[in-house]
Amino acid sequence: MSQVVKLPTVEDTQEFGRRLAGLLRAGDLVLLTGPLGAGKTALTQGIGAGLGVLGDVTSPTFVIARVHKPDPARGGRVAMVHADAYRLGAAADPRAEIDDLDLDASVDASVTVVEWGEGLVEQLVDAHLRVRIDRRDDDTRIIELDPVGGDWARRLADL
C-alpha cells in the first residue's frame, strides 16, 4: 500500500529525507522517479544528512555514482551510494552500463539511492522502495512511497 506526502518547500523535502533515513539500513535500495527538477536530489540530500554521511550530496548526473561514507562525528552508521541513471537511458544497453557500476558489490553494505533507475536496478535486491516525486506549479512536491516486497510496508508505517 503506497503512501502520499505533500511537501510545500525544498527544505520540507530535505527534512522528509532525514526522517526517511531513520528507517533505512544497509542493503536497502531506494528508487527515485520523477521529472527533472522534481526534488530527487533534495530528498537524497535529506537522506544523506539523516544517515550522517561525509561530504555534500549533489546530483551525480555527470559522474553517474558517488559513494558517501558514514561520518562517525555526525552519527553516521552506514554508507550511502547515490547513483543517477539518467544518462544511461540513452545507451543501447543501459542494464549493461548499470552492471559496469558494480552497484551489486556495495548494495549489501550501504543504502543505495538511484535516481532514474526504475526498470534498471530492481534486480539488485529482493525488495525495494519506489519513490515517485512530482512538483506542482507552486513548487509543492507530492511524494508517493510505494513499498515493493520485504518489510517496507511495516517500516513505512513508522514514518
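What follows is a chat about the cores, a helix and a few side chains of this predicted model.

Student: Which residues touch the most other members in the largest nonpolar core?
Tutor: They are L43, I47, L51, V131 and I143, out of the 27 residues that make up that core.

Student: And which elements give two or more residues to this core?
Tutor: On the helix side they include α1 (10-21), α2 (40-51) and α5 (152-157), while the strands include β1 (3-7), β2 (29-33), β5 (110-115), β6 (128-135) and β7 (141-148).

Student: What does the second core include?
Tutor: That core is separate and has eight residues, among them L31, A83, V114 and V121.

Student: Back to I47, what is it in contact with, leaving aside neighbours within four places in sequence?
Tutor: I47 is then in contact with G17, R18, L20, A21 and L24, and also with M80 and V113.

Student: How many residues of α2 are buried?
Tutor: Nine of the twelve are, so that the helix is mostly covered, given that buried means under 20% relative accessible area. The buried residues are K40, T41, A42, L43, T44, G46, I47, G48 and L51, and what covers them includes α1 as well as β2, β4 (79-84), β5, β6 and β7.

Student: What span does α2 reach?
Tutor: From its first C-alpha to its last, α2 reaches 16 Å, which is close to the 16 Å expected at 1.5 Å a residue. Just after α2 comes G52, which takes a positive phi of about 70 degrees.

Student: Changing topic, how many aromatic pairs are there?
Tutor: The structure holds zero of them, although W152 does have R155 lying over its face, at 4.0 Å from the ring centre.

Student: Is D28 buried or exposed?
Tutor: D28, whose place is in the loop between α1 and β2, has a relative accessible area of 6% and therefore counts as buried, the limit being under 20%. A polar atom of its side chain lies 2.9 Å from the backbone nitrogen of R25.

Student: Why does D139 count as partly exposed?
Tutor: Because its relative accessibility is 39%, which falls between the 20% and 50% limits. D139 has its place in the loop between β6 and β7, and its side chain makes a polar contact with the side chain of R135, at 3.5 Å.

Student: What does D139 touch, not counting residues up to four places away in sequence?
Tutor: D139 touches L7 and P8, and L7 is 132 residues apart from D139 in sequence but 8.9 Å apart in space, C-alpha to C-alpha.

Notes
Residues numbered from 1 in each chain as written. Predicted model: local features only at pLDDT ≥ 70, side-chain atom pairs only at ≥ 80, totals over all residues. Heavy atoms only, no water. Core = buried A, V, L, I, M, F, W, Y, C linked by side-chain atoms within 4.5 Å. Buried < 20%, exposed > 50% of the residue type's maximum accessible area, 1.4 Å probe, protein only. Helix = DSSP H or I, 4+ residues; strand = E, 2+ residues; numbered from the N terminus. Contact = heavy atoms within 4.5 Å. Expected span 1.5 Å × (residues − 1). Phe/Tyr/Trp six-rings, centres within 6.5 Å; stacked < 30°, edge-to-face > 60°. Lys NZ or Arg CZ within 6 Å of the ring centre and 35° of its normal. Polar contact = N/O pair within 3.5 Å; in protein donor to acceptor, adjacent residues only side chain to side chain.
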